[in-house]
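Subject: A structure for you to look at

Dear colleague,

I am passing on the structure below, and after it you will find my notes on what turned up in it. Please read them with the model open beside you.

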Amino acid sequence: MTGVQHFATSHDGEQFHYDGRLDQEQFDQMLMWCAERKASDVNVQSNMPVYAEIGGRNVRVTQRSVSSADVEDVVRFTYGENGPGQAKSGYDMDPSYEIRFQGISKRFRVNITTMRSGRTDGLQ
């Protein structure tokens, strides 16, 4: 019996590269890049590179760390303008996020929470 394989069995080591800030267009492209590699649990944290589970391993998706400002923008893309304030007030949020890229539509579950990033608070 053959079936569709929903999860990756390995990762080729390739990383997603973006220029400048992680704006909404590049964030959407990164999510599609992850989806094409059958990644799960894409983790975007303040002042850290992006990681995702691919082939049962937690692998680095980006070479660069994502700034706190970019993570706050990601929260705005996925939740709304008041998202960073809500999270910093102690609210965990679980919105869904849908993108359309080159005729393909994908829906993602999102979990937003505060975290400690070095000596400052951040978002993930």
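This is a predicted model: local features need pLDDT of at least 70, side-chain atom pairs count only at pLDDT 80 or more; totals for chains, interfaces and linings use all residues.

Residues are numbered from 1 along each chain as its sequence is written, and side-chain values use heavy atoms, with hydrogens and water left out.

Helices (H or I, at least four residues) and strands (E, at least two) are DSSP runs numbered from the N terminus, and two strands pair if DSSP finds at least two bridges between them. Strand β1 (residues 40-43) pairs with strand β2 (residues 48-54) in the antiparallel sense over 2 bridges, and here Asn43 stands opposite Tyr51 of β2. Strand β2 is also joined, by 6 bridges and again antiparallel, to strand β3 (residues 57-66), where Pro49 faces Ser65 of β3. Further along, 6 bridges join strand β4 (residues 96-101) to strand β5 (residues 104-109), which run antiparallel, with Ser96 opposite Arg109 in β5.

Which residues take a positive phi in these hairpins? In the hairpin of β1 and β2, with 4 residues between the strands, Asn47 has a positive phi near 60°; in that of β2 and β3, with 2 residues between the strands, Gly55 has one near 65°; and in that of β4 and β5, also with 2 residues between the strands, Gln102 has one near 50°. Most residues other than glycine have a negative phi. Asp41, which is found in strand β1, is not a glycine and yet has a positive phi of about 50°.

Is Asp41 buried or exposed? Asp41 is exposed, because its relative accessible area is 57%, where exposed means over 50%, buried under 20% and partly exposed in between (1.4 Å probe, protein chains only). Asn47 counts as partly exposed because its relative accessibility is 37%. Gln26, in helix α1 (residues 24-36), counts as buried because its value is 15%, and, leaving aside its neighbours within four places in sequence, Gln26 is in contact (heavy atoms within 4.5 Å) with Phe16, Tyr18, Asp19 and Arg21. Thr113, in the loop between β5 and β6 (114-117), is likewise buried, because its relative accessibility is 17%. Thr113 and Gly90 are 23 residues apart in sequence and 7.7 Å apart in space, C-alpha to C-alpha.

Finally, there is the largest pocket. On a 1 Å grid over the protein atoms alone, a pocket is an open set of points where a 1.4 Å probe fits, with protein on both sides within 12 Å along at least five of seven lines, and lining residues have an atom within 4 Å of a point. The largest pocket holds about 710 Å³ of space, a volume being the space filled by probe spheres set on the points, which are joined across faces, edges and corners. Of the 23 residues that line the largest pocket, Asp41, Val42, Arg109, Val110 and Asn111 are the closest to its centre.

With best wishes
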